[in-house]
Each structure stands twice: as C-alpha cells, then as structure tokens.
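Let's take a walk through a protein structure together.

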Amino acid sequence: MRRRRASGSLVPKTSSPAIETRVDNSGLIEARVGNLVEDLKGTSFDAQRDATFELRLLAKQSMENRIVIANCGAISLLVDLLRSTDKRVQENAVTTLLNLSINVENKTEITAANAIEPLIHVLETGGAEAKENSAATLFSLSLIEDNKVRIGRSGAIGPLVDLLGNGTPRGRKDAATALFSLSIFHENRRPIVQAGAIKYLVELMDPAAGLVDKVVAVLANLSTIPEGKTAIGQEGGIPGLVEAVELGSARGKEHAATALLQLCTSSDRYCRMVQQEGAVPPLVVLSQYGTPRAQKKAQSLLGVLSK
C-alpha cells in the first residue's frame, strides 16, 4: 500500500516495528488483565490468589500497566479483597493497590473506591508484609491533601502507631513515613500524641534504627502542640534531638533544631535540659553552616538559651 507525500509523489507506506510491537503488547496486556479481573470476581481463593499475584507483578512493571489495570475496573475489586480471609489474597491485593497508587489518577480512584477503611482493616489484621504495604499505601494516598483529613478521621492513626512500635523494621519505617505525612495536617497531631507515638519515636532516634531523619521530622511537627512538647520531655526525647542537631543530616539537623526551639520557648526547664545535653556548640555550628532555615532556627534557639 502506498501513501502520498505533500509534494504529490507516491511513496511506499512504512510503519515502525517498535510501534507495532507496542500496540500488540498493549492489546495482549489488556486482554490478560481483563481475564484476571474476571478471576477477581469469582469465589475461588486459588483463582483470586493467582490473579492478584499476577496483577501485583504487572502493576509493579510500568505506568502503562497501572493505567490498563485501572481502566479494566480492577481497583474496586481489589479494595473488596482487602477484607479477604485468605491472607495471601489480602497481601497481594494491598500490594497491587500500593503499586497502582504510584499513578496520581489512581490515587484518586482508590480513594473514591472507599479504600481507606479496608486499608486500616489490613493494618489491624494482616500479616507483616500486608501491614507494611497498607501503611505505605496510606502514605501514598495521603499525598492528596484532602486525604490527610480523611485518613486521620477514619481511625488509621492508632494502628499506624502500633505498627511504629511493634512492626518489622520496614513496617516501622512505613508507619513513620505515613505518620509524618498525616502530622502535616494540624488536626492529626493531637491524636498521634494521644496514641502514644512519641514513646516509639524517641526509641527510634537510635541511629542503629536508620530512621532518625523521619522520626525527627515527625517530632518537629508534634512539638508545635502542648501535648507534644510534654510527651517529648517526659519520654526523654531531648538528648536524641540534641544528638540529631550535632550528627544528623542537613534536613535532620533542621527538624531537630525546630523541635528544640518549640520546647525551649515554652519551658525554662527544657532550656536547662537542652543546655545540660551540650547543645550550644553544635547549635553555633548549625547557625553558621546549616541550611538557611536551620541557621534561622539555630540562631533563634541560641537567643532563647542565652536569656
């Protein structure tokens, strides 16, 4: 077959093998996903196990696959399977939703499918990996600002704090990340403190846990409310914050100085404790060489401590 150039001459029609291959692959994937979605609708645990596992792998592979899976109507079915009594189906379903949520449009669709409460159910009842991936999915959904409110009001904070204190190392990391995102919204801060998060956060300031930056960021947010200040002091958080000012990453130092400033502006006793921990020398260094925000916080804190 031939096509006509703009000049009027006839030339052979050509097509790109790569484009044809992509079209063929896309069609094959859509057909395969369509079959897998039908298996999700059935009552066989074996079929659901196999289908959710394959969708989990496909959703991990590419953005195109995530779009196809969503377009084939899988999301609402996967949300329903979060309450499956089969632990493998539940784990595969939550992991697939986590992978799908990388796509911004899918975050909206997952939320619209009323996934938040079932994700909390997984946090409360799932195996270790399912709990980790549920926390990670809640974090992913919380990147939509309105969801910070919805997740906080839906009862997620208690189970996330439990995972923070009693989960696997990865589970603790996922919980800390989710709690940081939720703590950006002021309304969530008091429930996070009341759920006992600060005790666990202070424990996780041990550098061996590898979570200092995440933990200090959460503490900086929680230190803005009276209950947060009190709990940080009572749980022995000041030494860890001072250590983070001295030895943390650039961002960790900034958050630690922010938290200490919040504590010291409200309590002479906390000022004395911070001084006794040897905070002044690292604060002087931070006031000169930290990030612009860290310099400002360190200078303000040094001013408070000198009074």
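Which residues does aspartate 86 touch, not counting residues up to four places away in sequence? Look around its side chain and you will find Phe45 and Arg49. Keep in mind that you are looking at a predicted model. Aspartate 86 sits in the loop that links α4, residues 74–81, to α5. Is this aspartate buried or exposed? Its relative accessible area is 11%, and the limit for a buried residue is under 20%, so aspartate 86 counts as buried.

The axes of α4 and α5 come within 8 Å and cross at roughly 140 degrees. Angles over 145 degrees would count as roughly antiparallel, so this pair is called oblique instead. The crossing of α4 and α5 is left-handed. On the α4 side, the residues in contact are Ile75, Leu78, Val79 and Leu81, and they meet Val89, Gln90, Ala93, Thr96, Leu97 and Leu100 of α5. Sort the residues of this contact by kind, and you get eight nonpolar, two polar and no charged.

Helix α5 has other partners too. Follow it, from residue 87 to residue 100, and find helix α8, which covers residues 128–142. Their axes come within 9 Å of each other and cross at roughly 25 degrees. Angles under 35 degrees count as roughly parallel, which means that α5 is roughly parallel to α8. This crossing is left-handed. Here α5 brings Glu91, Val94, Thr95 and Leu98, while α8 brings Glu129, Ala130, Asn133, Ser134, Ala136 and Thr137. The residues of this contact divide into four nonpolar, four polar and two charged.

Now turn to helix α7, made of residues 116–125. Its axis lies 11 Å from that of α5, and the two helices pack at an angle of about 130 degrees. That makes α5 oblique to α7. Their crossing is left-handed. Lys87, Gln90 and Val94 of α5 make the contact with Leu119, His121, Val122 and Thr125 of α7. This time the residues divide into three nonpolar, three polar and one charged.

Let us move on to the core. In soluble globular proteins, nonpolar side chains tend to be buried together. In this model, the largest nonpolar core has 90 residues. Which residues have the most contacts inside it? They are Leu164, Ile198, Leu201, Leu241 and Leu260. Take leucine 164 as an example: leaving out residues up to four places away in sequence, it touches Arg172, Ala175, Ala176, Leu179, Ala197, Tyr200, Leu201 and Leu204. Leu201, one of these neighbours, is itself on the list of residues with the most contacts inside the core.

Our last stop is phenylalanine 185, in the loop between α11 (169–183) and α12 (189–194). With a relative accessible area of 27%, phenylalanine 185 is partly exposed. Apart from residues up to four places away in sequence, phenylalanine 185 touches Lys148 and Val149.

How values were computed: Residues are numbered from 1 along each chain as its sequence is written. This is a predicted model: local features need pLDDT of at least 70, side-chain atom pairs count only at pLDDT 80 or more; totals for chains, interfaces and linings use all residues. Side-chain values use heavy atoms; hydrogens and water are left out. Axes are lines fitted to C-alpha atoms, for helices over the stretch in contact, and angles run from 0 to 180 degrees between N-to-C directions. Helices (H or I, at least four residues) and strands (E, at least two) are DSSP runs, numbered from the N terminus. Angles under 35 degrees count as roughly parallel, over 145 as roughly antiparallel, 65 to 115 as roughly perpendicular and the rest as oblique. A crossing is left-handed if the near helix is turned anticlockwise from the far one by less than a right angle, and right-handed if clockwise. Contact means heavy atoms within 4.5 Å. Ala, Val, Leu, Ile, Met, Phe, Trp, Tyr, Cys and Pro count as nonpolar, Asp, Glu, Lys and Arg as charged, and the others, Gly among them, as polar. A nonpolar core is a set of buried Ala, Val, Leu, Ile, Met, Phe, Trp, Tyr and Cys residues joined through side-chain atoms within 4.5 Å. Buried means under 20% relative accessible area, exposed over 50%, partly exposed in between (1.4 Å probe, protein chains only).
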